[in-house]
Amino acid sequence: MTSRQCWAAHRITQRDAPFFEAIRACPLLSQVKLIAEPWDIGPDGYQVGRFPPPFAEWNDQFRDTARRYWLHGDISNGEFVRRFAASSDLYQHDDRSPHATVNLITAHDGFTLWDVVSFERKHNEANGEDNRDGHGDNYSHNHGKEGLNVSFDVIERRRRSVRALLTTLLLSQGTPMLLAGDERGHTQRGNNNAYCQDNALSWLDWQADEKGLVGFTAALIELRQRIPALTADRWWQDGDGNVQWLNAGGQPLQHDEWAQGMHRLQILLSGRWLITINATDTVNDIVLPDGEWRALPPFAGDDNPILLTVWHGPAHGVCVFQKQS
């Protein structure tokens with residue numbers, strides 16, 4: 001990179017750079033949605049959280065935290081909550097709103113969602129570079145056996161993880177980004193750099209639907225649209241009624257539970273919608289807050305008559321309830 005290019009890269013990272021000022025002054029560009037993929041291989045190329053409004057940005061920290069929380073268990077409740085609540089540490093500045101974080105689990109490069117839960121390592125042999133291309137740190141988990149030819153038990157555990165990751169993505173504050181094909185279980189057979197594969201490896205099978213995953217995803221999107229805390233695009237504040245963070249006993253998370261607690265968590269949104277999370281390896285009972293709670297689609301049928309006070313959470317399971325008035 002030449003000295004002129006280095007200077008240009010440095011200037012573009014400044015929020016008042018002429019490039020950004022020109023966009024803000026343009027009657028057309030200032031009125032459209034602007035989304036940055038805020039990293040590059042050049043000097044100072046990682047710029048997550050540093051773009052000015054009206055830009056939104058892909059948030060790779062959301063991606064990695066969600067994967068590590070559900071699949072590796074090496075992320076605290078506090079870090080998970082920080083990303084769930086629109087990453088205010090990165091984006092709450094310069095009058096930016098929560099929509100500035102574009103939350104993702106997967107993108108056009110890297111593993112598909114089904115491959116995230118099916119492969120421990122990349123399998124890019126078909127690309128002709130001796131598997132040297134593509135990212136090596138994927139925070140993926142194969143649930144006991146590498147690849148797609150596995151037992152029914154492994155498939156069921158993978159399905160639970162996929163649903164947990166989709167729920168985290170689509171019910172977190174911010175702008176969710178869903179990779180096409182993840183809603184139907186698309187796989188690239190472990191290839192995490194398939195841009196060069198214009199063949200069946202990367203093509204979408206529009207007839208496929210992994211165990212009703214299309215309907216599950218659609219129901220989550222519909223649910224998101226009903227929850228004011230997720231549609232208002234305002235930063236959550238203590239006591240504003242948008243969110244409460246609860247433990248497995250239905251009580252506010254204590255100091256030690258934020259940093260060192262088991263990965264059992266309840267998130268109460270807008271006082272009526274409750275997300276219950278059991279990201280541990282064992283079945284756990286979670287005591288719901290006071291009141292009568294009914295599980296909602298896609299976690300139960302529309303005509304579900306059962307009111308619960310305790311959720312018997314499966315390993316790596318998630319559910320959403322609505323409080324009955």
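P298 sits in the loop that runs between β9 (293-295) and β10 (307-308), where strands (E, at least two residues) and helices (H or I, at least four residues) are DSSP runs numbered from the N terminus. This is a predicted model, in which local features need pLDDT of at least 70 and side-chain atom pairs count only at pLDDT 80 or more, while totals for chains, interfaces and linings use all residues. Residues are numbered from 1 along each chain as its sequence is written, and side-chain values use heavy atoms, with hydrogens and water left out.

**Confidence**
- The average pLDDT (the predictor's confidence in each residue, from 0 to 100) is 93 for the protein, and 96% of the residues score at least 70.
- Residues 1-12 have pLDDT below 50, and this stretch makes 10 contacts in the model beyond near neighbours in sequence, a contact being heavy atoms within 4.5 Å.

**Domains and interface**
- Domain 1 covers 18-228 and domain 2 covers 236-323, with bounds that come from an automatic or database domain assignment; their C-alpha centres lie 24 Å apart.
- In this pairing, 27 residues of domain 1 are in contact with 30 residues of domain 2.
- The buried area between the two domains, meaning the accessible area (1.4 Å probe) that both lose on being put together, summed over both, is about 2300 Å², with 70% of it on carbon and sulfur atoms.
- On the domain 1 side, W70, N77 and V81 lose the most area to domain 2, and together they account for 25% of what that side buries.
- Between the domains there are eight residue pairs in polar contact, with both residues at pLDDT 80 or more; such a contact is a pair of N or O atoms within 3.5 Å, where within protein one must be able to donate a hydrogen and the other to accept it, and residues adjacent in sequence count only if both atoms are side-chain atoms.
- The elements giving two or more residues to the side of domain 1 that touches domain 2 are α3 (60-72), α4 (77-84), α7 (152-170) and α8 (213-224).

**Backbone geometry**
- Most residues other than glycine have a negative phi, and most peptide bonds are trans.
- The peptide bond from P297 to P298 is cis, with omega near 10°.
- A cis peptide bond also joins P53 and P54, with omega about 10°, and P54 lies in the loop between β1 (34-36) and β2 (55-59).
- D94, although not a glycine, has a positive phi of about 55°, and its place is in the loop between α5 (88-91) and β3 (101-104).
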